[in-house]
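Let's take a friendly tour of a protein and DNA assembly. Have a look at the model first, and then we will go through it topic by topic.

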Number of protein chains: 2
Amino acid sequence: MLSWGDYISIDIHQTDLKLTSYIKNKLAPFNLAPEQNLILMLLWELDGLSQNDIAEKLDKDKTNIARMVLNLERKGFIKRTVSQHDRRSLKVNLTEKGRALGNKIIPITEEFNHLVTHGITEEELKELSRILKKMRENAR
Amino acid sequence: MLSWGDYISIDIHQTDLKLTSYIKNKLAPFNLAPEQNLILMLLWELDGLSQNDIAEKLDKDKTNIARMVLNLERKGFIKRTVSQHDRRSLKVNLTEKGRALGNKIIPITEEFNHLVTHGITEEELKELSRILKKMRENAR
DNA sequence: TTAAAAAAGTTGCTATAACAACTAATAACA
DNA sequence: TGTTATTAGTTGTTATAGCAACTTTTTTAA
């Protein structure tokens, strides 16, 4: 019988919680939650995605995306407009405020990544990433 | 500047979501949520922990533990009693139903672990675990 | 070309997750 | 010993996370 420490999924879960909690505190002063930040990170790379595009890229339920985008709109970081080509679809665009936020947040997330990977080599990270991907495929 | 795929924390986060979602579906027929299952796993190994013990072992906020334990009690899997030595503390004990549930759930979680680690060697798992631990320490 | 199917979003629900502020009980210590 | 600090648990709030069922619009197909 397996004991507590043998479950790798628990290990991953605890690590995710710890990392998410850390970045949550770093982002809090900017009135930005971690998942909201992920959405903005997508938009900073490519503005004008639809909610559906975002849901696919984040591999998340569209329900949550809708609510998170709504929050981002309330905070004034993005603006939604009905797509001209498909009236079902909502295009999500950064506001000036949302674009400006990127200049502050991106250094913070890069610093965070640097901190997290401290003492871990490039090869180890690649290996880690490879194994995690395999696990995601195993659980499909 | 880092791009999307360079953030190892995102990789971990997505993997955790995928694995949690998978086991959630496996446990759903038993009216058991993933985190509730973690609590029961602790109790199956050592019955009679306090809510505070559970919070420490799971490294979670005691608030959530209180609510999850309450749910487990409503479902009839555990029973809480005030500790005789410390009247602030609640002792959490398995009911007959809760103990019986273990016989059904443990094979499922072991099968889950087996599925997740398919095609991954023992050394790779050890290495993974070591790196994850390092990351948790980095984010402390 | 109209009926059926699919797609994009929304609303409602349940379950985490963590913080702040609170009560009650116990421990520390001056 | 009596005040203070700490500890265990609860309540309230905000933010994910995903399922089911729904509306509106677009696409497929008979």
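Which residue's side chain meets that of K18(A) in a salt bridge? The partner is D59(B), with 3.1 Å from N to O; a salt bridge here is a side-chain nitrogen of Lys or Arg within 4 Å of a carboxyl oxygen of Asp or Glu. Please keep in mind that this is a predicted model, where local features need pLDDT of at least 70, side-chain atom pairs count only at pLDDT 80 or more, and totals for chains, interfaces and linings use all residues. Residues are numbered from 1 along each chain as its sequence is written, chains are lettered from A and ligands numbered from 1 in the order in which they are written, and side-chain values use heavy atoms, with hydrogens and water left out.

**Chain A by itself**

- Chain A has 6 helices and 2 strands, where helices (H or I, at least four residues) and strands (E, at least two) are DSSP runs numbered from the N terminus.
- The order of these elements along the sequence of chain A is α-α-α-α-β-β-α-α.
- The C-alpha trace of chain A spans about 55 × 35 × 25 Å along its principal axes.
- An unreviewed UniProt entry places the feature "domain: HTH marR-type" at residues 5-137 of chain A; UniProt positions are given in the numbering used here, feature names are shortened, and annotations may be inferred rather than shown by experiment.
- Over residues 5-137, chain A is 68% helix and 8% strand, and the end C-alpha atoms lie 22 Å apart.
- Within chain A, K60(A) and E35(A) form a salt bridge, with their closest N and O atoms 3.2 Å apart.
- K60(A) sits in the loop between helix 3 and helix 4 of chain A while E35(A) belongs to helix 2 of chain A, so this pair ties together parts that are 25 residues apart in sequence.

**Where chain A and chain B meet**

- In this interface, 54 residues of chain B are in contact with 54 residues of chain A, contact meaning heavy atoms within 4.5 Å.
- Together the two chains bury about 5300 Å², 64% of it on carbon and sulfur atoms; buried area is the accessible area (1.4 Å probe) that two parts lose on being put together, summed over both.
- Helix 1 of chain B gives the most to the side of chain B that touches chain A, with 14 residues.
- That side of chain B divides into 25 nonpolar, 13 polar and 16 charged residues. Ala, Val, Leu, Ile, Met, Phe, Trp, Tyr, Cys and Pro count as nonpolar, Asp, Glu, Lys and Arg as charged, and the others, Gly among them, as polar.

**Around DNA strand C**

- DNA strand C is surrounded by 27 residues, and the closest are N52(A), R67(A), L90(A), E35(B) and Q36(B); a residue is near a strand if one of its heavy atoms lies within 4 Å of it.
- Of the atoms of DNA strand C that come within 4 Å of the protein, 61% belong to sugar and phosphate.
- Phosphate oxygens of DNA strand C lie 2.7 Å from a backbone N or O atom of L90(A) and 2.6 Å from a side-chain N or O atom of Q36(B).
- The surface near DNA strand C has 5 nonpolar, 9 polar and 13 charged residues.

**Around DNA strand D**

- DNA strand D is surrounded by 27 residues, the closest being E35(A), Q36(A), N52(B), R67(B) and R88(B).
- Base oxygens of DNA strand D are 3.0 Å from a polar side-chain atom of R67(A) and 3.3 Å from one of R88(A).
- A side-chain N or O atom of K62(B) lies 2.6 Å from a base nitrogen of DNA strand D.
- The surface near DNA strand D divides into 5 nonpolar, 9 polar and 13 charged residues.

Notes: Polar contact = N/O pair within 3.5 Å; in protein donor to acceptor, adjacent residues only side chain to side chain.
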